[in-house]
Amino acid sequence: MKLLDSLRFRVAALFHHSEMNAEMEEELRSHIEHRADDLERSGLSRAEALRRARIEFGGLERVGEECHEAAGGNLGGTLFRDLQFAFRLLRKSPGFTVVAVLTLALAIGANTVVFAALNAIILRPLNVPRADSLYSIHRISDNSANWSYPNYLELRDRNRSFEDLAAFNILQAGLDTGDNPDRSWLLAVSGNYFDVLGIQPHLGRFFHGSDERGPNSAPYIVLSNAYWHSHFHDDAGVVGRVVQVNKHPFTILGVAPPSFHGTILFFNPDFYLPMVNQEQIEGTSVLNARANRWIFMTMGHLKPGVTPEQAGADVNSISAYFEKAYPKDFAHKTLALARPSLYGDFLGKPARAFLTALMVLAGLILLAACANLGSLFAARAADRSREVALRLALGATRTRVIRQLFTEAVLISLIGGAVGLWGSVLLLRWLATWQPFPQFPINVPVSPDTTVYVVALLLALFSGFLFGSVPVRQVLRTSPYEIVKSGSRTTHGRRITGRDILVVAQISICAVLVTSSIVAVRGLTHSMRSNFGFEPRNVMLVNTILDMAGYRGDAVPAMQKRMSDAIETIPGVTAVGLVNGAPLTNGDLEGAIVFREETTDLKPANAAASAVLFKTSPGYLRAAGTSLLAGRQFTEQDDKNAPPVAVINQEFARKVFGSVDGAVGRTYKRRDGTRVQVVGVVEDGKYENLTENTKAALYVPILQSGTSDTAMLVRFSGDPQQFAAAIRGKLHELDPGLPSFLQTWSDALGLILFPSRVAAVSLGLLGIMGAMLSITGIFGMAAYSVSKRLRELGIRMALGAQRREVLQAALGRAFRLLAFGSVAGLILGILATRVLTFIVYQATPRDPIVLAGAVVAMSLLGLLATWIPAQRALRVDPLILLREE
Amino acid sequence: MADQAQILPGTLDLLILRAVSLGPLHGYGILLRIGQMSGNALLIEQGALYPGLFRLVRQGLLKTNWGTSENNRKAKFYELTAAGRKRLREETANWNRLVTAIASALAIQPEEI
């Protein structure tokens, strides 16, 4: 109670500082008046009595201060005065203040942004109840979590580790509310999905496991909150409304809460639909296909007391049983539990590695900034050594002087931190609404939360104390007598000081950043120009999902043919091809396992190769720009009635037939035993991503395989915008209700290049920051060394020294440190870029341009940083200098 | 001045509490009262009084009120709180014990040991 009172008093004292001051002043004045009354009574005049009373009383200021201290306002009062003093000092040197605040704002801002991303993507658990025990099941070999629907059901019922197991797949569909169909993204989910996750509806109700009664039995959808907001304008009346999904009627059951976006962190689906109705969305049913690993992911909460390892063993034994029970349809691969939010380690591992690396780099930048400001600060403290000495001589304690220094440092860092936080919050807000790929509902969920603000505050305080502590030793060493007696201090001489090491360290850090960002940018430009096995330039991708417009069966190829024919008539179009999925545009390509002709037991383990499968029209190879090395392309005659044929790539030929020569004309077996004749061989390419190893690929005629989900490749020459408009016009003529999405192939590659782009941009930003830090560091050091040696320089000039000699004397040391730091940083940078090769395709430090670029960048930086001090050194007027002393 | 004793460290608080125990007083009044109580033998520097007063207020031993003084001037009056009264009793007892102990220590004769 007492403690609380005392605390309250202190806090009140802190806040009512001025009020207390006024009261105290009044009390002391009243005292003096009373004393003067007494003196007046003894015969003095009023004026004289007052004067005498004041003298008797002594220093009002001192008494006031002592009273403050006694009243508990001690800490606050001193702090307040220190702050006032610090403000005055900072206002007196705006250059220093601006440099310091900007440096810290950049450094702390960078750290805040990176930490916010780390926090949002890695540290923060998924926004569902009991996220701790939520796990998904992944194959260790490729991190995939795919299952076929029958196997999912068995897995769900057989396992003894999960409370329940939910499943979902990501699909696209046309959602028609009466106007034009809208291309939307949905999650086809198991009926128990919301119950497994423990999500409660925002509006209406969710569907449950009990709603599933066989194929197409649950024509219900649940809208995501964002979609409800943007397409239904928060209309509570949507519950119960019937909408068309791919021309099938579905009833809107409810709306999901705003905080729920499914369980994939980056992906925001538009609505949720029971997967038993999958056939209505995709046209053909996969619910009984045990070999079709159609489900994207299964997940559930572990039962209490079950560890992920135990659950892993459980699902592995079930998977082993599947292989025994269904040898034709299932090959067991070792499974493990992982977190669903980043698709296990598939995205989780690179994201973790990248963000951790970024965090380390940002931390290094902050340290460099602190080192930098520490030396600037120490230089200022040295400039103020006379003042410090005077204060010490007048009886200030060293603690008091040091506290003053820290107040100044922390004040700067807090201002810098506030500016940095403000900037980073703006950046994060923008990032959170940024949609990197217009065709996917993907965004970066990095909104800052309390943790981020606290971390930013702690970083600011930490850096304040860190760089504030640099001049402490200097103050402790200060001897008032020496300094006041002898004027400015004698110079240090040639020995290497801690400050030099700081400057070298930050120059090296900067050089590391500059080198690695140049490597990243070079890698990126390389990968843009490398050979993909196709030519993405001047190709328009036209995505039409005919399902969405209700095309089924034979209507699909007929419509595809009509679309190709119509588009071919547009002037400037040189080739039109159809493919089920263009390479390097989505990570989810179809695959097929193939067998040698002589293989008779067609089980997965006996497969000769697993190939990426492209279902293509005759014009595809020409439209894609993939070179045919041997044999022929498909023709219109390769249709359902003709014998099955295929075009393969070199890798396929090597794997299945041993060599490329003579592969044409040979046959392989499909899974169903059908023999397929190879009619052509094309060059290898990149199919899923740029860093993949060469994969076997297989092209089959679209007329022999049939798919309604096609991308049309239109090779053209001319302006992409105009072509897009022309193509849209043609499609509209054919079917006004057909949803389409157009994009140039180069733009579509953005998805694949995204990680490298992010890496290059982030490194570039960090590099720019590192450069700014180095500039301020060298600038501070050079300016300090010039101002310390102004007198010496003046004398040298008076004695006839040349400009070059003056510069050498003034800045030689700064340049030597710059050279040393750059070389050290360059070597470290080249070592560090080994890490980069995991993210950026073809990132290599063994590249003359990298070396030259880094050297040029560092020299420019040095020139920029020493420009002003050099000018100052050259402008020294010996006469003025000598007169001053 | 020579006949005025410097007060012992730590006794200022006790003197203030005692002075105020006889009735509410303002700062200058406390000074006068202490002088009066000690027959002008104890000198308290005017400036030293106020930090002491503030300390006692902070400890909850004194409470303050603004009022009008006998000179018809606005002044801040101090008076004892219950805690202050209790403290005065304790401190007085302590002081008396101390004085007795020191006095007997000083008065002791070699043969008595």
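Q: Over which residues of chain A does pLDDT stay under 50?
A: The stretch is residues 487-494 of chain A, where pLDDT stays under 50; pLDDT is the predictor's confidence in each residue, from 0 to 100. For these residues the model has 4 contacts beyond four places in sequence, two residues being in contact if their C-beta atoms, placed from the backbone, lie within 7 Å. This is a predicted model, in which local features need pLDDT of at least 70, side-chain atom pairs count only at pLDDT 80 or more, and totals for chains, interfaces and linings use all residues. Residues are numbered from 1 along each chain as its sequence is written, while chains are lettered from A and ligands numbered from 1 in the order in which they are written.

Q: And what is the mean pLDDT of chain A?
A: The mean for chain A is 82, with 90% of its residues at 70 or more.

Q: Where in chain A is confidence lowest, and where highest?
A: Confidence is lowest in helix α1 (residues 2-15) of chain A, with a mean of 53. Strand β8 (residues 271-274) of chain A has the highest, at 94. Helices (H or I, at least four residues) and strands (E, at least two) are DSSP runs, numbered from the N terminus.

Q: How many helices and strands has chain A?
A: Chain A has 29 helices and 21 strands. Among contacts in chain A with a separation of 6 or more, 80% join residues 24 or more positions apart.

Q: At what angle do α19 and α23 of chain A pack?
A: Helix α19 (residues 555-568) of chain A and helix α23 (residues 720-734) of chain A pack at about 140°, their axes 10 Å apart. Axes are lines fitted to C-alpha atoms, for helices over the stretch in contact, and angles run from 0 to 180 degrees between N-to-C directions. The two helices α19(A) and α23(A) are therefore oblique to each other: under 35 degrees counts as roughly parallel, over 145 as roughly antiparallel, 65 to 115 as roughly perpendicular and the rest as oblique.

Q: Which residues make that contact?
A: From α19(A) they are Arg562(A), Met563(A), Ala566(A) and Ile567(A), and from α23(A) they are Ile727(A), Lys730(A), Leu731(A) and Leu734(A). By class, this contact of α19(A) with α23(A) has 6 nonpolar, no polar and 2 charged residues. Ala, Val, Leu, Ile, Met, Phe, Trp, Tyr, Cys and Pro count as nonpolar, Asp, Glu, Lys and Arg as charged, and the others, Gly among them, as polar.

Q: Turning to chain B, what pattern does it follow?
A: Along the sequence, chain B runs β-α-β-α-β-α-β-β-α, with 4 helices and 5 strands in its secondary structure. Of its 113 residues, 28% count as buried.

Q: How many residues of chain B are in contact with chain A?
A: There are 17 residues of chain B in contact with 20 residues of chain A. On the chain B side, α2 (27-37), α3 (46-58) and β5 (74-80) each supply at least two residues. Helix α3(B) gives the most, with 8 residues. The side of chain B that touches chain A divides into 6 nonpolar, 6 polar and 5 charged residues.

Key: Buried ≥ 20, exposed ≤ 12 C-beta atoms within 10 Å, placed from the backbone.
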